[in-house]
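Trainee: Please take one part of this model and look at it closely for me. After that, I would like to understand how the part sits within the rest of the chain.

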Amino acid sequence: MEIIQVVGIGIIATVLAILLKQQKPEMAIHISIVTGLIIFLFVVTKLKYVVDFLSSLADRINIDFIYFSTILKVIGIAYIAEFGAQVSRDAGEEAIASKIELAGKILIMVLAIPIMTALIDLIVKIMS
């Protein structure tokens, strides 16, 4: 049960951060960031199974690989932007967190252009 390990790491880090926050606030931020990275790296290794499953599913239903890889990139950008924004919020930098989220949304829009173009082309083809 990996979730028990993740929650255990999170609870221990939270207690340490709360204890250190009053005396050494910079150490509390470091603990928060390192804990976030540890949990992120722990979970990222599990994503290989999800990507393999989605890849085999895309092969079975014959989806063009460029659309599949674009969707995976969009999901990756969303997770990384969320992680970066949360780390910034933990450090008390709400403005930077908002900018990270905005950058993630813009990058997702840029990646979605080929999919939107293909969708519009399909709709036009069906309508004509």
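**A salt-bridge network and its setting**

Mentor: A network of salt bridges links R89, E94 and E101, where a salt bridge is a side-chain nitrogen of Lys or Arg within 4 Å of a carboxyl oxygen of Asp or Glu. Before going further, bear in mind that this is a predicted model, in which local features need pLDDT of at least 70 and side-chain atom pairs count only at pLDDT 80 or more, while totals for chains, interfaces and linings use all residues. Residues are numbered from 1 along each chain as its sequence is written, and side-chain values use heavy atoms, with hydrogens and water left out.

Side chains of opposite charge can pair when their charged atoms come close. R89 lies in helix 4 (residues 65-90) and E101 in helix 5 (residues 94-127), so the second pair ties together parts that are 12 residues apart in sequence; helices here are DSSP runs of H or I with at least four residues, strands are runs of E with at least two, and both are numbered from the N terminus. R89 counts as partly exposed at 27% relative accessibility, a class that falls between buried, under 20% relative accessible area, and exposed, over 50%, with a 1.4 Å probe and protein chains only. E94 is likewise partly exposed, at 43%, and so is E101, at 22%.

G104 has a relative accessible area of 6% and counts as buried. Leaving aside its neighbours within four places in sequence, G104 is in contact with I77 and A81, contact meaning heavy atoms within 4.5 Å. The C-alpha atoms of G104 and I80 are separated by 8.3 Å, although these residues are 24 apart along the chain.

Turning to the other end of the chain, we find a salt bridge between K46 and E2, with the closest N and O atoms 3.5 Å apart. K46 lies in the loop between helix 2 (25-44) and helix 3 (47-60), whereas E2 lies in helix 1, so this pair ties together parts that are 44 residues apart in sequence. Both partners are partly exposed, K46 with a relative accessible area of 33% and E2 with 39%. By the rule given above, the count of salt bridges comes to four.

Helix 2 also holds T35, which counts as buried at 12% relative accessibility. When neighbours within four places in sequence are left aside, T35 is in contact with I9, G10 and A13. Helix 1 (residues 2-21) contains V7, which is partly exposed at 41%. V7 belongs to a nonpolar surface patch together with M1, I3, I4, I11, V15 and L19, and the accessible area of the patch is about 740 Å². Such patches are made of residues with over 30% relative accessible area and no salt bridge, like charges being joined within 9 Å and nonpolar side chains (Val, Leu, Ile, Met, Phe, Trp, Tyr) within 5 Å.

Now for the whole chain. The protein has five helices and zero strands, and from the N terminus on its elements run α-α-α-α-α. Its radius of gyration is 20 Å, well over the 14 Å that the globule rule gives for 128 residues, so the protein is more spread out than a compact globule; the radius is taken over C-alpha atoms, and the rule is 2.2 Å times the number of residues to the power 0.38. The C-alpha trace spans about 70 × 35 × 15 Å along its principal axes, and 16% of the 128 residues count as buried. The accessible surface comes to about 9600 Å², of which 74% belongs to carbon and sulfur atoms, with areas from the Shrake-Rupley method, a 1.4 Å probe and, for residues, only the protein chains shown as cover.

The domain assignment gives domain 1 (1-50) and domain 2 (64-127), such bounds coming from an automatic or database assignment. The C-alpha centres of the two domains lie 25 Å apart, and six residues of domain 1 are in contact with five residues of domain 2.
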